[in-house]
Amino acid sequence: VNLFLSTVASGVAFGALYGLLGFAIVFLFKSTGVLNFAEGSIGMFVAFVAFELMRSGGMPTWAALLLTVPIAAVMGVLIYETCIRPRSESVPHETLTLRTIGIFVLVVAIANEAFSEGQPFPFPAVVPEFNLSVGFLVVSGLDLVRIFVAAALLIVTALFFYRTRYGMLYRAMADQPAVAQLLGVNVRALTAAAWGATGLIAGLVAVLTAPTTLLSTSMLDAFLPYALTAAVIGGFTSLFGVFVGGVIVGVINSLTGVYGTFDLAILAVFAVLVITLLFKPDGLFGARVGERL
Amino acid sequence: MRRTVLSAGLAAGLLCLAACGSGEDASDPEAGGAAEDIRIAVSNAMTGSAAAGTKPVADGLTAWIEHVNDEGGVNGRNIALNVQDDAFNATQAVANARQFITDDVFAVLGGAGTPTQLAIAPLLTDEGIPFFMPYAGVRPLLEPPQDNIFSITPLYEDEVRALIPYALEKFGDGSVYVVAQRELGPDDSIAAAKATAEEAGVDYAGDSIFNLGAPDLSALALQVKAAAPDYIVLLTTAPEGSRVIQALAAQDALPANKILGMPTSTANALSATVGEQIGEDYVALIPNRPVTDPAAEDCIAAFDAASEPVKADVTSLYGCAMGQAFVHALEALGDDITQEAFMAEVNSWDEEEASPLLSPLTFTAEDRMGLSGMFIVTSRGTDGFETTDTVPVG
């Protein structure tokens, strides 16, 4: 029982990370219709910036992380303005999604050139190290922070999307961008803000992950398929669903890893992905999107 | 008309060929000298997730070759070293090896990376190119024996057979668990660990195999924690080993006694990353002496003097030792520097002191792993490793 509980707890904590990264992807997709494959690499880059501020700049951890937050947002906006927005008016969202694969490769290549010597690096946790131990069960303070951040983000964005004017504009923009623009919505500013916000979330995921996985240029590469799986299971249009999907992925991965093998864990997670796509393609909480022909 | 055009084309082609051929000599005054260089090559992971543990091997070799060239080369000839990055990717390593063959290199020296070195070995054997000290301890490199392959890395299972009894004798009996990375082909090593534990009369507590870059290692840590072993054999690369130790520490799952490291996991990158967690409880087997050994002085001096200074650590010293042994063999050839003479020379080694960092080397037609003994090192927290003992292997 102890091992089972520990496994579930660990799965939930990692599932929160998959959910967070998936959330950034779904948020952008919901707002702009673009699936951003570069989300993890943006987060990784931001974490390296924070690390360099600490290592070379001698900044205390809290100051470096605080400074990194706006940097992450600026990076998101810059990527949008330089790589996504130019010549985007007449191309479909799929083309812009393909551009994000190029951005992923570019960001990783730059990070490899700039930061990779001697990786992986130990990365300080955002909270002082402490463990809650009850017999066999150990839950770290960082795990609790991950779960808390995921829950807080969910509540804040739900309020934003459904209780604020800007949230409504985002939803209008995602559903009918052309109509929204005709009605005076500043699509460019809102899209840039969405890229900034998701850059920030990706940075948050990276600094919450790096203390456990260690900081390296490939640290979030393997997270992306899990985050996308979380989004598919939860429903690509549901901000709430992606967190549930993340927890499902995390727990399945942990349970099959502990009681089976790691190869079986990979198989199990992606079997759930295929089954979801076959039998519930809109995910557990997603809505079917109709398209007028 | 057609014949005229054909003839003109042929003539133009011949002229172009002649021009290209003579142009090279005329435009490059160093060409003659360059032809005299002894061209060698390495395919090594210089970037990517394994690079922290593998790049120092190529860096150490590069620094030593630069030192040799600065001292006048080998019998008056410089060594031209071509290091190509394979990013721990077997396909890229094969592409590198094909380029080496096209470049007609004299020898390929061992980069670090089990899947990569394994992938290029057959190509080099087919071409009869010496493959000197590949840093990978897997059976296909040694069996069937090939007279162009000179390894100083015992099979991982032989290392396990040497390390476990040593630890049990030195630190007391206890259960043994293996944590292994899929890419290092761990099945034989796991079987060896199980057999060795049973022969020694201790419990074999189990094993976990994971893949490079697996995002969540906490499940692995929980498996280990449930087994509560006294010893963990760590068959991983250094970066992945760091992640495993980090995950074990987070779950309070570090072994009761020692972590038993393999050469692949033992690099200063590991102690720099998780030195605080391992303290002095990481004991490993490595092919060469570490930085703290006086025998490392020449290499360290070369590292400091290199155009791009190299940090001395366990793995960069492996690269240096490889360079020392290679140059030692070349020096014995005099002016007869041919691949055949080189292979005949190294194949004649019997307890040869080829590098002060290595135990004596012996190569026979049947045994292509030349190392007679390995060094036991113990971690010193974040300060790297110290030699504490030696053990015979093979």
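The model is predicted, so local features need pLDDT of at least 70 and side-chain atom pairs count only at pLDDT 80 or more, while totals for chains, interfaces and linings use all residues. Residues are numbered from 1 along each chain as its sequence is written, chains are lettered from A in the order in which they are written, and side-chain values use heavy atoms, with hydrogens and water left out.

**Aromatic pairs**
- Over all chains there are 30 aromatic pairs, counted where ring centres of Phe, Tyr or Trp (its six-membered ring) lie within 6.5 Å, with planes under 30 degrees apart called stacked, over 60 edge-to-face and the rest tilted.
- One of them is the stacked pair of F48(A) and F115(A), at 4.9 Å centre to centre and 5° between the planes.
- In chain B, F132(B) and F342(B) form an edge-to-face pair, 5.7 Å centre to centre with 65° between the planes.
- F132(B) counts as buried at 0% relative accessibility, and F342(B) likewise counts as buried at 0%.
- Ring pairs join F132(B) and F342(B) in a cluster with F106(B), F150(B), F326(B), W349(B) and F363(B).

**Charges over rings**
- The charged end of R55(A) sits over the ring of F121(A), 5.0 Å from its centre (CZ of Arg or NZ of Lys within 6 Å of the ring centre and within 35 degrees of the ring normal).
- R165(A) lies over the face of Y166(A), 5.8 Å from the ring centre.

Key: Buried < 20%, exposed > 50% of the residue type's maximum accessible area, 1.4 Å probe, protein only.
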